[in-house]
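Me: Before the labels on this model are used, I would like to see what each one rests on. Please take them in turn.

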There are 2 protein chains.
Amino acid sequence: MASILRHSSRLGIRATSLALPRGRNAYATATPYFNNEPSKPVVMTSIPGPVSKKAIEELDSVFDTRSLNMICNYEKSVGNYVADMDGNVSFYAQIASIPVGYNNPHLIATMSSKEAVDALVNRPALGNFPPGYWASLLKTGILAVAPKGLGQVFTAMAGSDAIETSYKAAFIYRRRMERGEGVDFTPQEIESSMKNQAPGSPELAIMSFKKAFHGRLFGSLSTTRSKPVHKLDIPSFNWPQASFPQLKYPLEDNVEANKKEEERCLAEVEDIMNSWHCPIAAVVVEPIQSEGGDNHASPAFFHGLRKLTKKMGVLLIVDEVQTGVGSTGKFWAHEHWNLESPPDMVTFSKKAQTAGYYFGDPMLRPNLPYRQFNTWMGDPVRAILFRGIIQEIEKHDLVKNTAETGDYLFRGLQELASKFPEKVQNLRGKDRGTFIAFDTPNRDAFLKKMKTFGVNVGGSGDTAVRLRPMLVFQKHHG
Amino acid sequence: MASILRHSSRLGIRATSLALPRGRNAYATATPYFNNEPSKPVVMTSIPGPVSKKAIEELDSVFDTRSLNMICNYEKSVGNYVADMDGNVSFYAQIASIPVGYNNPHLIATMSSKEAVDALVNRPALGNFPPGYWASLLKTGILAVAPKGLGQVFTAMAGSDAIETSYKAAFIYRRRMERGEGVDFTPQEIESSMKNQAPGSPELAIMSFKKAFHGRLFGSLSTTRSKPVHKLDIPSFNWPQASFPQLKYPLEDNVEANKKEEERCLAEVEDIMNSWHCPIAAVVVEPIQSEGGDNHASPAFFHGLRKLTKKMGVLLIVDEVQTGVGSTGKFWAHEHWNLESPPDMVTFSKKAQTAGYYFGDPMLRPNLPYRQFNTWMGDPVRAILFRGIIQEIEKHDLVKNTAETGDYLFRGLQELASKFPEKVQNLRGKDRGTFIAFDTPNRDAFLKKMKTFGVNVGGSGDTAVRLRPMLVFQKHHG
């Protein structure tokens with residue numbers, strides 16, 4: 001991120017020593033998407049400043065504010081810049097979930113429409129009483145960007161329930177295959193399910209990877225392995241975790257070692273499938289482990305995983321809650337792999353502003369209605385918003401912009417890394433759009449200092465600085 | 001429901017034999033909330049009609065439609081009446097989740113506001129970057145109707161995650177009490193939590209009741225006991241269920257038997273607490289078991305449950321997802337009990353159009369931030385909508401209307417029951433607003449037939465016809 005370059009003194013590098021990446025001037029003249037953005041972050045007070053401090057105190061009496069980072073004035077936020085209550089203006093994208101800018105005019109028009117107001121006021125129970133426009137809204141919105149081979153969708157409310165409903169689909173599918181098509185539930189299954197006991201409520205598992213993050217409800221949390229703070233004191237399922245490749249950087253200097261590491265991890269996956277005390281219904285994996293430290297694996301690893309899951313009759317769920325919707329320089333991160341057969345399910349949320357999972361195989365629809373069901377089944381107004389986001393992405397070719405901006409940022413950071421190798425370590429995310437990260441000593445102090453410059457960069461894992469700008473982040477924001 | 005009275009021929013009762021409740025004429029002149037409502041349901045085609053059939057077929061190619069009841073034209077829906085694609089107009093309230101009428105003018109104005117559009121377009125990560133207005137929105141909205149004694153709120157997206165986050169709060173609290181205030185996690189706890197093993201991920205349970213419904217994700221589903229179709233093939237936690245009182249009707253003729261039945265259930269709760277293989281962190285209970293068959297218990301039962309949970313150091317979670325927001329003739333159903341000390345947590349969703357749980361004890365905030373957290377932490381636009389709903393309820397005194405309408409309906413059904421005791425059995429919900437139900441033979445055929453009259457009444461449990469009209473359902477709708 002060019003602001004990281006600009007404020008690189010916090011890496012212990014004197015600003016004057018920084019050579020800007022070649023070609024920067026040419027880039028800087030590209031047309032900005034937002035004409036009314038500030039030219040740079042503005043920090044006038046400490047953060048939080050006096051107005052914010054008072055507001056936080058008021059809020060804390062009724063709502064836990066200990067995770068609060070900044071209390072915002074969204075009316076005054078624009079494009080890539082979020083404003084706080086004291087007039088400070090910073091870069092920030094709401095945990096990677098705002099794709100096309102604060103107060104994006106097209107989205108304002110979309111959300112001011114009669115259609116949006118109708119969807120808010122007359123909220124349908126989508127499974128029972130969908131609106132007449134639901135098919136067309138799905139087809140022109142959510143499904144217009146469906147991953148190749150996955151033409152059906154189950155809509156949900158947020159990332160965790162997108163993940164959990166995909167797990168339910170996997171369990172139902174698994175038992176359907178074991179039972180044989182058309183075979184009814186046995187009386188024992190029906191009876192024991194009501195007691196939370198097998199065979200009706202069977203022992204089946206989802207395999208995830210070490211350092212994975214898939215959510216915080218009981219099923220999803222059982223597959224989350226990123227940090228103890230999420231898991232402590234919460235009962236969980238006895239489900240297995242496999243090692244995720246720990247690649248060495250730079251990749252080009254560690255080809256053989258990394259290949260071996262990925263083979264080791266795949267062998268571990270297979271070994272667990274063969275030895276776990278109960279059947280594994282699905283493997284869930286992030287294309288890039290996001291919360292767990294921006295851990296990458298090569299397309300070959302994912303090809304191997306797809307091949308292995310196919311061989312073992314285990315479903316493959318690709319969790320694109322954080323990687324989806326453009327930020328890796330493709331609409332879906334798993335498109336980088338060019339798999340021969342698609343994942344069985346792909347989950348989405350965050351930048352999509354609505355959630356759910358895509359699937360292709362009609363057998364992933366349960367044999368009976370109401371087995372996957374809830375009152376709202378997602379939110380049509382957020383599906384309308386996602387359609388508006390897709391339109392905006394297509395109109396401005398924002399996935400391409402993200403690939404190009406990412407390339408520019410990566411090369412800038414590469415130069416920094418070569419000059420200050422102890423400060424910019426394990427730079428990763430080449431050819432993955434702006435989904436870039438590096439490790440640095442004293443990471444948390446660094447992030448804190450960046451905030452005082454109006455750059456809200458986050459961390460992932462223990463030592464990584466992760467970049468998650470919007471899709472409207474351009475080279476001139478450097 | 002007066003339409004039930006009108007169409008009572010489906011109960012095998014000839015319409016001419018129906019004496020309307022006394023005083024009906026006086027009631028019928030009350031001012032209608034919606035001047036533009038149809039005067040009665042209009043059914044012109046079979047449901048689904050030809051236009052709807054085509055639309056359903058189109059939708060089914062991408063979205064499971066087997067639970068679909070009607071495909072709707074919400075633009076043409078008004079007040080208590082939902083319109084379908086063929087011009088049919090029926091009573092329906094979206095699984096008890098539309099409180100103040102389709103196209104309610106106040107809600108249209110609220111959702112057309114700059115504030116609402118801002119909350120949609122610039123969706124904040126509420127835990128990290130809440131908007132400046134969040135405290136005031138909570139206080140004038142969600143918290144303006146907080147149950148007595150519960151002044152704090154954790155906001156969520158839908159019923160299931162409201163429930164699951166309340167369970168997480170209960171587990172975290174339990175371990176905090178066991179560990180002792182200020183005592184750190186041990187290295188073993190930290191390490192074992194990452195492996196989904198005790199002591200970090202402990203064996204702890206939530207107790208629920210037979211026939212309860214609390215949601216469909218992995219933790220909530222483990223406490224749901226209403227129907228096998230929700231639970232089959234899904235792994236669950238080994239958590240206990242206690243018997244919920246099965247009362248005999250009419251109540252006034254079965255006082256002693258019902259008292260004994262409730263004592264039996266309370267004794268069972270205590271017995272399970274003493275004998276279960278792991279500690280029970282909380283008991284979760286619906287004020288009226290809704291999905292499970294409209295099963296009621298007396299205030300004395302809930303007093304007993306509160307007393308018992310206090311004595312045993314177990315938290316009491318009251319699940320008001322379906323009973324909350326007015327339909328029982330009080331804003332919260334548990335207000336009918338006049339408990340001496342409030343429940344520890346109360347969950348809400350459905351008619352609130354947003355979800356979460358209320359709590360009072362500051363110790364129910366985890367000792368560290370980020371233990372209860374997610375990207376969105378609810379949806380501010382839905383919180384704005386709830387505030388609009390609250391305003392509308394207060395302006396028109398709709399809780400009182402619901403109490404009165406419920407009283408009217410109950411008396412009408414009582415007369416029917418006395419004339420046709422084999423057709424209207426176990427009438428229940430007296431003094432519980434419009435939250436009324438009765439059992440009838442061939443229930444499903446009855447519900448199907450009612451639909452052809454434009455009355456979408458639902459069932460609960462195996463045999464119950466349940467009424468769930470909106471808060472704007474008035475006597476003249478009979």
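The turns below set computed values against the cut-offs behind the labels. The model is predicted.

Me: What makes Arg179(B) and Asp233(A) a salt bridge?
Reply: The closest N and O atoms of Arg179(B) and Asp233(A) are 2.7 Å apart. The rule asks for a side-chain nitrogen of Lys or Arg within 4 Å of a carboxyl oxygen of Asp or Glu, so the pair qualifies. Across the interface of chain B and chain A the rule finds 14 salt bridges. On the side of chain B that touches chain A, the largest share, nine residues, comes from helix 7 (residues 159–179) of chain B. The residues of that side divide into 60 nonpolar, 34 polar and 26 charged.

Me: How many residues are in contact between the chains, and what area is buried there?
Reply: The contact takes in 120 residues of chain B and 120 residues of chain A. The buried area is about 10,900 Å², with 59% given by carbon and sulfur atoms.

Me: What makes the bond between Ile47(A) and Pro48(A) stand out?
Reply: The peptide bond joining Ile47(A) and Pro48(A) is cis, with omega about 0 degrees. Most peptide bonds are trans. Pro48(A) lies in the loop between helix 2 (24–28) and helix 3 (50–60) of chain A. Another cis bond joins Tyr249(A) and Pro250(A), with omega about -5 degrees. Pro250(A) is in the loop between strand 6 (241–242) and helix 11 (255–275) of chain A.

Me: Which phi does Val325(A) have, and is the residue buried or exposed?
Reply: Val325(A) is not a glycine, yet its phi is positive, about 65 degrees. Most residues other than glycine have a negative phi. Val325(A) sits in the loop between strand 8 (315–319) and strand 9 (345–348) of chain A. Its relative accessible area is 1%, and buried means under 20%, so Val325(A) is buried.

Me: Why does Tyr370(B) count as partly exposed?
Reply: Its relative accessibility is 31%, which falls between the limits of 20% and 50%, so Tyr370(B) is partly exposed. Tyr370(B) also has a positive phi, about 70 degrees, although it is not a glycine. The residue lies in the loop between strand 10 (355–359) and helix 13 (380–395) of chain B.

Me: How far apart along the helix are Glu268(A) and Arg264(A)?
Reply: Glu268(A) and Arg264(A) are four residues apart in helix 11 of chain A, so about one helical turn separates them. Their closest N and O atoms are 3.5 Å apart, so this pair meets the 4 Å limit for a salt bridge.

Me: What makes Asp444(B) exposed and Arg443(B) buried?
Reply: Asp444(B) has a relative accessible area of 51%, and exposed means over 50%, so the label holds. Arg443(B) has 9%, and buried means under 20%, so the other label holds too. The side chains of Asp444(B) and Arg443(B) meet in a salt bridge at 2.6 Å, N to O.

Terms used
Residues numbered from 1 in each chain as written. Chains lettered and ligands numbered in written order. Predicted model: local features only at pLDDT ≥ 70, side-chain atom pairs only at ≥ 80, totals over all residues. Heavy atoms only, no water. Contact = heavy atoms within 4.5 Å. Buried area = accessible area lost by both parts, 1.4 Å probe. Helix = DSSP H or I, 4+ residues; strand = E, 2+ residues; numbered from the N terminus. Nonpolar A, V, L, I, M, F, W, Y, C, P; charged D, E, K, R; others polar. Buried < 20%, exposed > 50% of the residue type's maximum accessible area, 1.4 Å probe, protein only.
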